[in-house]
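Q: Hi! Could you walk me through this model before I set anything up?

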2 protein chains.
Amino acid sequence: MEEGFEKFRQYLCEKGLKSTRQRKIILKAFLKSTSHLSTEDLYLSLRKKYPGIGYATVYRTLKLFAECGIAEEQNFGDGQTRFEPSHQENHHDHLVCTACHSIIEFENPQIEKLQEEVAANHGFTTTHHRLELYGLCHKCSS
Amino acid sequence: MEEGFEKFRQYLCEKGLKSTRQRKIILKAFLKSTSHLSTEDLYLSLRKKYPGIGYATVYRTLKLFAECGIAEEQNFGDGQTRFEPSHQENHHDHLVCTACHSIIEFENPQIEKLQEEVAANHGFTTTHHRLELYGLCHKCSS
DNA sequence: CCTATATTGATAATCATTTTCATGTGGAGG
DNA sequence: CCTCCACATGAAAATGATTATCAATATAGG
Ligand SMILES: [Mn+2]
Ligand SMILES: [Mn+2]
Ligand SMILES: [Zn+2]
Ligand SMILES: [Zn+2]
(Lines give C-alpha, C1' and ligand atoms only; values in the text may rest on other atoms or scores of the structure.)
(Ligands and ions follow the chains in the order given, each with its own letter.)
Protein backbone atom coordinates (compact mmCIF):
# COMPACT_ATOMS: atom_id res chain seq x y z
CA MET A 1 0.00 0.00 0.00
CA GLU A 2 2.46 2.62 1.20
CA GLU A 3 4.86 0.86 -1.09
CA GLY A 4 2.52 1.43 -4.00
CA PHE A 5 2.61 5.20 -3.56
CA GLU A 6 6.37 5.16 -3.51
CA LYS A 7 6.69 2.94 -6.54
CA PHE A 8 4.37 5.16 -8.52
CA ARG A 9 6.17 8.33 -7.49
CA GLN A 10 9.40 6.73 -8.57
CA TYR A 11 7.97 5.69 -11.93
CA LEU A 12 6.58 9.15 -12.70
CA CYS A 13 9.94 10.63 -11.86
CA GLU A 14 11.89 8.27 -14.09
CA LYS A 15 9.62 8.89 -17.04
CA GLY A 16 9.39 12.63 -16.59
CA LEU A 17 5.68 12.42 -15.84
CA LYS A 18 3.83 14.65 -13.48
CA SER A 19 2.11 14.07 -10.19
CA THR A 20 -1.40 15.41 -10.57
CA ARG A 21 -4.41 15.81 -8.35
CA GLN A 22 -6.30 13.19 -10.42
CA ARG A 23 -3.52 10.63 -10.30
CA LYS A 24 -3.30 10.95 -6.54
CA ILE A 25 -7.05 10.53 -6.14
CA ILE A 26 -7.20 7.52 -8.44
CA LEU A 27 -4.14 5.90 -6.88
CA LYS A 28 -5.51 6.24 -3.37
CA ALA A 29 -8.86 4.74 -4.31
CA PHE A 30 -7.21 1.97 -6.29
CA LEU A 31 -4.75 0.88 -3.61
CA LYS A 32 -7.52 0.86 -1.03
CA SER A 33 -9.53 -1.61 -3.10
CA THR A 34 -9.47 -5.34 -2.45
CA SER A 35 -11.36 -6.44 -5.53
CA HIS A 36 -10.84 -6.73 -9.26
CA LEU A 37 -11.96 -3.37 -10.59
CA SER A 38 -12.95 -2.48 -14.10
CA THR A 39 -12.31 1.05 -15.26
CA GLU A 40 -16.02 1.65 -15.07
CA ASP A 41 -16.22 0.38 -11.47
CA LEU A 42 -13.52 2.77 -10.38
CA TYR A 43 -14.83 5.66 -12.44
CA LEU A 44 -18.33 5.35 -11.01
CA SER A 45 -17.15 5.12 -7.43
CA LEU A 46 -14.82 8.11 -7.79
CA ARG A 47 -17.43 10.20 -9.55
CA LYS A 48 -19.50 10.45 -6.35
CA LYS A 49 -16.81 12.27 -4.44
CA TYR A 50 -14.94 13.82 -7.34
CA PRO A 51 -17.41 14.59 -10.12
CA GLY A 52 -14.82 16.31 -12.27
CA ILE A 53 -12.71 13.27 -13.08
CA GLY A 54 -12.98 12.04 -16.65
CA TYR A 55 -13.47 8.52 -17.88
CA ALA A 56 -10.45 8.74 -20.15
CA THR A 57 -8.24 9.77 -17.27
CA VAL A 58 -9.22 6.70 -15.29
CA TYR A 59 -8.37 4.52 -18.28
CA ARG A 60 -5.04 6.21 -18.77
CA THR A 61 -4.14 6.08 -15.12
CA LEU A 62 -4.96 2.42 -14.62
CA LYS A 63 -2.79 1.63 -17.60
CA LEU A 64 0.01 3.59 -15.98
CA PHE A 65 -0.41 1.57 -12.80
CA ALA A 66 -0.06 -1.64 -14.78
CA GLU A 67 3.03 -0.33 -16.56
CA CYS A 68 4.78 0.53 -13.36
CA GLY A 69 3.91 -2.75 -11.72
CA ILE A 70 1.55 -1.65 -8.97
CA ALA A 71 -1.46 -3.11 -10.79
CA GLU A 72 -2.14 -6.48 -12.35
CA GLU A 73 -4.38 -6.67 -15.38
CA GLN A 74 -7.02 -9.39 -15.41
CA ASN A 75 -9.57 -10.65 -17.88
CA PHE A 76 -12.28 -12.96 -16.72
CA GLY A 77 -14.12 -13.11 -20.00
CA ASP A 78 -16.87 -10.60 -19.29
CA GLY A 79 -15.53 -8.17 -21.86
CA GLN A 80 -14.04 -5.72 -19.39
CA THR A 81 -10.41 -5.48 -18.40
CA ARG A 82 -9.99 -5.53 -14.65
CA PHE A 83 -7.20 -4.35 -12.39
CA GLU A 84 -6.11 -5.31 -8.93
CA PRO A 85 -3.32 -3.96 -6.75
CA SER A 86 -0.20 -6.12 -6.98
CA HIS A 87 0.22 -7.76 -3.61
CA GLN A 88 3.97 -7.30 -3.33
CA GLU A 89 5.94 -10.27 -4.57
CA ASN A 90 3.50 -13.14 -4.20
CA HIS A 91 1.70 -13.93 -7.39
CA HIS A 92 -1.72 -15.58 -7.33
CA ASP A 93 -4.21 -17.08 -9.76
CA HIS A 94 -8.01 -17.21 -9.78
CA LEU A 95 -11.04 -19.41 -9.39
CA VAL A 96 -13.97 -17.73 -11.10
CA CYS A 97 -17.58 -18.66 -10.38
CA THR A 98 -19.56 -18.48 -13.59
CA ALA A 99 -22.82 -18.15 -11.68
CA CYS A 100 -22.28 -15.47 -9.03
CA HIS A 101 -19.06 -14.07 -10.49
CA SER A 102 -17.28 -14.33 -7.20
CA ILE A 103 -13.55 -14.78 -7.36
CA ILE A 104 -11.28 -16.82 -5.14
CA GLU A 105 -7.56 -16.28 -5.22
CA PHE A 106 -5.02 -19.02 -4.73
CA GLU A 107 -1.29 -19.56 -4.79
CA ASN A 108 0.19 -22.85 -5.80
CA PRO A 109 3.97 -23.05 -6.03
CA GLN A 110 3.82 -26.58 -7.42
CA ILE A 111 1.81 -25.47 -10.42
CA GLU A 112 4.09 -22.49 -10.94
CA LYS A 113 7.08 -24.75 -10.89
CA LEU A 114 5.59 -27.18 -13.39
CA GLN A 115 4.77 -24.27 -15.65
CA GLU A 116 8.40 -23.23 -15.64
CA GLU A 117 9.42 -26.76 -16.49
CA VAL A 118 7.01 -26.91 -19.40
CA ALA A 119 8.30 -23.61 -20.72
CA ALA A 120 11.93 -24.68 -20.35
CA ASN A 121 11.26 -27.95 -22.16
CA HIS A 122 10.10 -25.92 -25.14
CA GLY A 123 12.94 -23.41 -25.05
CA PHE A 124 10.56 -20.74 -23.87
CA THR A 125 11.41 -17.85 -21.56
CA THR A 126 8.24 -16.85 -19.75
CA THR A 127 7.50 -13.35 -18.62
CA HIS A 128 4.06 -13.94 -17.18
CA HIS A 129 1.16 -16.31 -17.31
CA ARG A 130 -2.53 -16.52 -16.76
CA LEU A 131 -4.33 -19.35 -15.03
CA GLU A 132 -8.03 -19.25 -14.37
CA LEU A 133 -10.29 -22.06 -13.23
CA TYR A 134 -13.93 -21.53 -14.14
CA GLY A 135 -16.86 -23.29 -12.55
CA LEU A 136 -19.29 -23.13 -9.67
CA CYS A 137 -18.31 -21.94 -6.23
CA HIS A 138 -19.33 -23.84 -3.14
CA LYS A 139 -22.43 -21.74 -2.66
CA CYS A 140 -23.62 -21.87 -6.26
CA SER A 141 -23.15 -25.61 -6.71
CA SER A 142 -25.58 -26.48 -3.91
CA MET B 1 -12.46 -34.49 -38.24
CA GLU B 2 -15.10 -36.87 -39.60
CA GLU B 3 -16.30 -36.88 -36.04
CA GLY B 4 -16.70 -33.12 -36.15
CA PHE B 5 -19.12 -33.28 -39.05
CA GLU B 6 -21.21 -35.87 -37.27
CA LYS B 7 -21.26 -33.99 -33.99
CA PHE B 8 -22.38 -30.82 -35.73
CA ARG B 9 -25.09 -32.60 -37.70
CA GLN B 10 -26.34 -34.08 -34.46
CA TYR B 11 -26.36 -30.71 -32.74
CA LEU B 12 -28.31 -29.00 -35.51
CA CYS B 13 -30.84 -31.80 -35.41
CA GLU B 14 -31.34 -31.61 -31.65
CA LYS B 15 -31.84 -27.87 -31.71
CA GLY B 16 -34.08 -27.81 -34.76
CA LEU B 17 -31.50 -25.85 -36.74
CA LYS B 18 -30.87 -26.22 -40.43
CA SER B 19 -27.97 -27.52 -42.43
CA THR B 20 -27.10 -24.80 -44.89
CA ARG B 21 -24.64 -24.38 -47.70
CA GLN B 22 -22.75 -21.75 -45.66
CA ARG B 23 -22.53 -23.89 -42.56
CA LYS B 24 -21.12 -26.77 -44.55
CA ILE B 25 -18.51 -24.56 -46.22
CA ILE B 26 -17.44 -22.94 -42.97
CA LEU B 27 -17.33 -26.24 -41.11
CA LYS B 28 -15.16 -27.89 -43.74
CA ALA B 29 -12.67 -25.02 -43.78
CA PHE B 30 -12.63 -24.85 -40.01
CA LEU B 31 -12.03 -28.53 -39.37
CA LYS B 32 -9.26 -28.55 -41.95
CA SER B 33 -7.39 -25.82 -40.08
CA THR B 34 -4.57 -26.53 -37.68
CA SER B 35 -4.19 -23.06 -36.23
CA HIS B 36 -6.02 -20.69 -33.95
CA LEU B 37 -8.30 -18.78 -36.26
CA SER B 38 -9.99 -15.48 -35.63
CA THR B 39 -13.31 -14.85 -37.32
CA GLU B 40 -11.53 -12.44 -39.61
CA ASP B 41 -8.89 -15.03 -40.58
CA LEU B 42 -11.52 -17.51 -41.56
CA TYR B 43 -13.74 -14.96 -43.26
CA LEU B 44 -10.90 -13.64 -45.41
CA SER B 45 -9.72 -17.08 -46.46
CA LEU B 46 -13.25 -18.20 -47.33
CA ARG B 47 -14.03 -15.05 -49.23
CA LYS B 48 -11.55 -15.99 -51.98
CA LYS B 49 -13.41 -19.09 -52.96
CA TYR B 50 -16.87 -18.14 -51.77
CA PRO B 51 -17.29 -14.38 -52.10
CA GLY B 52 -20.90 -14.45 -51.07
CA ILE B 53 -20.41 -15.46 -47.46
CA GLY B 54 -21.08 -12.75 -44.91
CA TYR B 55 -18.97 -11.70 -41.97
CA ALA B 56 -21.88 -12.06 -39.58
CA THR B 57 -22.50 -15.60 -40.72
CA VAL B 58 -18.93 -16.59 -39.92
CA TYR B 59 -19.31 -15.08 -36.45
CA ARG B 60 -22.57 -16.87 -35.88
CA THR B 61 -21.29 -20.17 -37.16
CA LEU B 62 -18.09 -20.21 -35.13
CA LYS B 63 -20.15 -19.54 -32.05
CA LEU B 64 -22.32 -22.51 -32.96
CA PHE B 65 -19.22 -24.68 -33.25
CA ALA B 66 -18.13 -23.66 -29.77
CA GLU B 67 -21.60 -24.35 -28.40
CA CYS B 68 -21.71 -27.85 -29.77
CA GLY B 69 -18.20 -28.66 -28.61
CA ILE B 70 -16.34 -29.01 -31.88
CA ALA B 71 -14.48 -25.73 -31.36
CA GLU B 72 -12.52 -24.32 -28.46
CA GLU B 73 -12.55 -20.60 -27.88
CA GLN B 74 -9.21 -18.94 -27.14
CA ASN B 75 -8.08 -15.47 -26.20
CA PHE B 76 -4.44 -14.59 -26.38
CA GLY B 77 -4.84 -10.95 -25.54
CA ASP B 78 -4.67 -9.47 -29.01
CA GLY B 79 -8.27 -8.32 -28.89
CA GLN B 80 -9.64 -11.03 -31.15
CA THR B 81 -11.38 -14.22 -30.10
CA ARG B 82 -9.84 -17.25 -31.72
CA PHE B 83 -11.17 -20.74 -32.37
CA GLU B 84 -9.49 -24.07 -32.90
CA PRO B 85 -10.98 -27.48 -33.61
CA SER B 86 -11.37 -29.54 -30.43
CA HIS B 87 -8.91 -32.37 -30.69
CA GLN B 88 -11.20 -35.07 -29.35
CA GLU B 89 -10.76 -35.70 -25.65
CA ASN B 90 -7.24 -34.49 -24.97
CA HIS B 91 -7.19 -30.96 -23.70
CA HIS B 92 -4.13 -28.78 -24.15
CA ASP B 93 -2.84 -25.40 -23.04
CA HIS B 94 -0.66 -22.79 -24.73
CA LEU B 95 2.71 -21.11 -24.77
CA VAL B 96 2.38 -17.77 -26.52
CA CYS B 97 5.36 -15.88 -27.91
CA THR B 98 4.83 -12.17 -27.37
CA ALA B 99 7.32 -11.32 -30.13
CA CYS B 100 6.43 -13.48 -33.14
CA HIS B 101 3.00 -14.54 -31.88
CA SER B 102 3.73 -18.18 -32.50
CA ILE B 103 1.89 -20.63 -30.33
CA ILE B 104 3.06 -23.91 -28.89
CA GLU B 105 0.59 -26.36 -27.47
CA PHE B 106 1.30 -28.60 -24.53
CA GLU B 107 -0.43 -31.13 -22.34
CA ASN B 108 0.52 -31.59 -18.74
CA PRO B 109 -1.54 -34.00 -16.69
CA GLN B 110 0.30 -33.07 -13.52
CA ILE B 111 -0.77 -29.46 -13.79
CA GLU B 112 -4.31 -30.48 -14.62
CA LYS B 113 -4.40 -32.68 -11.57
CA LEU B 114 -3.09 -29.97 -9.28
CA GLN B 115 -5.69 -27.62 -10.66
CA GLU B 116 -8.42 -30.05 -9.71
CA GLU B 117 -6.97 -30.32 -6.23
CA VAL B 118 -6.91 -26.57 -5.82
CA ALA B 119 -10.52 -26.33 -6.95
CA ALA B 120 -11.61 -29.13 -4.65
CA ASN B 121 -9.86 -27.51 -1.69
CA HIS B 122 -12.02 -24.47 -2.23
CA GLY B 123 -15.28 -26.34 -2.74
CA PHE B 124 -15.23 -25.42 -6.41
CA THR B 125 -16.58 -27.52 -9.24
CA THR B 126 -14.67 -26.60 -12.36
CA THR B 127 -16.12 -26.74 -15.83
CA HIS B 128 -13.11 -25.48 -17.75
CA HIS B 129 -9.94 -23.53 -17.33
CA ARG B 130 -7.48 -21.40 -19.18
CA LEU B 131 -3.71 -21.57 -18.84
CA GLU B 132 -1.41 -19.53 -20.99
CA LEU B 133 2.31 -18.97 -20.57
CA TYR B 134 3.53 -15.79 -22.23
CA GLY B 135 7.11 -15.02 -23.12
CA LEU B 136 9.69 -15.47 -25.83
CA CYS B 137 9.97 -18.56 -27.94
CA HIS B 138 13.29 -20.21 -28.60
CA LYS B 139 13.83 -18.33 -31.85
CA CYS B 140 12.87 -14.91 -30.52
CA SER B 141 14.96 -15.09 -27.36
CA SER B 142 18.21 -15.50 -29.25
C1' DC C 1 6.38 34.56 -11.68
C1' DC C 2 7.23 32.35 -16.38
C1' DT C 3 7.57 28.92 -19.54
C1' DA C 4 7.93 24.51 -21.55
C1' DT C 5 5.76 20.41 -21.30
C1' DA C 6 2.67 17.05 -19.63
C1' DT C 7 -2.25 16.26 -18.43
C1' DT C 8 -7.03 16.63 -18.49
C1' DG C 9 -11.97 16.14 -19.94
C1' DA C 10 -15.07 16.13 -23.62
C1' DT C 11 -15.69 14.22 -27.68
C1' DA C 12 -14.95 11.69 -31.73
C1' DA C 13 -12.89 7.66 -33.61
C1' DT C 14 -11.76 2.59 -33.57
C1' DC C 15 -12.39 -2.07 -33.50
C1' DA C 16 -14.49 -6.40 -32.48
C1' DT C 17 -18.76 -8.22 -32.00
C1' DT C 18 -23.90 -8.26 -32.07
C1' DT C 19 -28.42 -6.86 -33.71
C1' DT C 20 -31.70 -5.71 -37.00
C1' DC C 21 -34.35 -6.55 -40.84
C1' DA C 22 -35.76 -7.54 -45.41
C1' DT C 23 -35.04 -11.38 -48.29
C1' DG C 24 -33.92 -16.17 -49.19
C1' DT C 25 -33.90 -21.22 -48.29
C1' DG C 26 -34.13 -26.06 -46.07
C1' DG C 27 -36.93 -29.65 -45.19
C1' DA C 28 -41.25 -31.54 -43.04
C1' DG C 29 -45.69 -32.65 -44.55
C1' DG C 30 -48.60 -33.00 -48.01
C1' DC D 1 -42.50 -32.60 -56.71
C1' DC D 2 -45.08 -28.44 -54.24
C1' DT D 3 -46.06 -25.41 -50.29
C1' DC D 4 -45.21 -23.27 -46.30
C1' DC D 5 -42.84 -21.24 -42.64
C1' DA D 6 -39.38 -21.28 -39.19
C1' DC D 7 -34.84 -20.61 -39.51
C1' DA D 8 -30.78 -18.54 -41.89
C1' DT D 9 -28.38 -15.13 -44.46
C1' DG D 10 -25.99 -10.70 -45.84
C1' DA D 11 -25.70 -5.86 -45.52
C1' DA D 12 -25.84 -2.36 -42.70
C1' DA D 13 -26.59 -0.19 -38.41
C1' DA D 14 -25.90 -0.55 -33.46
C1' DT D 15 -23.28 -1.59 -29.43
C1' DG D 16 -19.74 -1.49 -25.96
C1' DA D 17 -15.09 -1.20 -24.58
C1' DT D 18 -11.15 1.20 -25.40
C1' DT D 19 -8.15 4.77 -27.66
C1' DA D 20 -7.03 9.01 -30.09
C1' DT D 21 -7.67 13.97 -30.75
C1' DC D 22 -7.44 18.53 -29.29
C1' DA D 23 -8.15 22.82 -27.01
C1' DA D 24 -7.79 24.30 -22.37
C1' DT D 25 -5.27 23.73 -18.00
C1' DA D 26 -2.00 22.44 -14.49
C1' DT D 27 2.70 21.08 -12.96
C1' DA D 28 7.49 21.73 -11.95
C1' DG D 29 11.85 23.74 -12.75
C1' DG D 30 14.36 27.91 -13.20
MN1 LIG E 1 -6.64 -11.43 -7.81
MN1 LIG F 1 -4.49 -24.86 -29.26
ZN1 LIG G 1 -20.85 -18.64 -7.19
ZN1 LIG H 1 8.67 -15.97 -31.08
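Q: Great. What geometry does the site of the zinc ion (ligand 3) have?
A: The site is tetrahedral, with angles of 102 to 114° among the four donor atoms. Keep in mind that this is a predicted model.

Q: Noted. Which protein atoms are the donors there?
A: They are the SG atoms of A:Cys97, A:Cys100, A:Cys137 and A:Cys140, and they lie 2.2 to 2.4 Å from the zinc ion (ligand 3).

Q: And how are those donor residues spaced in sequence?
A: The spacing for the zinc ion (ligand 3) reads C-x2-C-x36-C-x2-C.

Q: Is A:Cys97 buried or exposed?
A: A:Cys97 has a relative accessible area of 0%, so it is buried.

Q: What about A:Cys100, how does that one count?
A: A:Cys100 counts as partly exposed because its relative accessibility is 38%, a value between the 20% and 50% cut-offs.

Q: Switching topic: where does A:Glu132 sit in chain A?
A: A:Glu132 is part of strand E6, which covers residues 125-136 of chain A. With a relative accessible area of 1%, A:Glu132 is buried.

Q: Which side chain does the A:Glu132 side chain make a polar contact with?
A: That would be the side chain of A:Tyr134, at 2.6 Å.

Q: And what else is A:Glu132 in contact with, leaving aside neighbours within four places in sequence?
A: In chain A, the contacts of A:Glu132 are A:Gln74, A:Asn75, A:Phe76 and A:His94. From chain B come B:His128, B:His129 and B:Arg130.

Q: Nice. Now the DNA: how many residues surround DNA strand C?
A: There are 20, and the closest are A:Lys18, A:Thr20, A:Arg23, A:Thr57 and B:Tyr59.

Q: Which part of DNA strand C does A:Arg23 approach?
A: A phosphate oxygen, which is 2.4 Å from a polar side-chain atom of A:Arg23. B:Arg60 has a side-chain N or O atom 3.4 Å from a base oxygen.

Q: Which elements give two or more residues to that surface?
A: Helix H2 (21-32) and helix H4 (55-68) of chain A, plus helix H4 (55-68) of chain B. H4(B) supplies the largest share, four residues.

Q: Last one: what is the make-up of the surface near DNA strand C by class?
A: By class, 10 residues are polar, six are charged and four are nonpolar.

Key
Residues numbered from 1 in each chain as written. Chains lettered and ligands numbered in written order. Predicted model: local features only at pLDDT ≥ 70, side-chain atom pairs only at ≥ 80, totals over all residues. Heavy atoms only, no water. Donors = N, O, S within 2.8 Å, 3.2 Å for Na, K, Ca; no water. Tetrahedral: all angles 85-135°; square planar, octahedral: opposite > 155°, others 65-115°. Buried < 20%, exposed > 50% of the residue type's maximum accessible area, 1.4 Å probe, protein only. Polar contact = N/O pair within 3.5 Å; in protein donor to acceptor, adjacent residues only side chain to side chain. Contact = heavy atoms within 4.5 Å. Near = heavy atom within 4 Å. Nonpolar A, V, L, I, M, F, W, Y, C, P; charged D, E, K, R; others polar.
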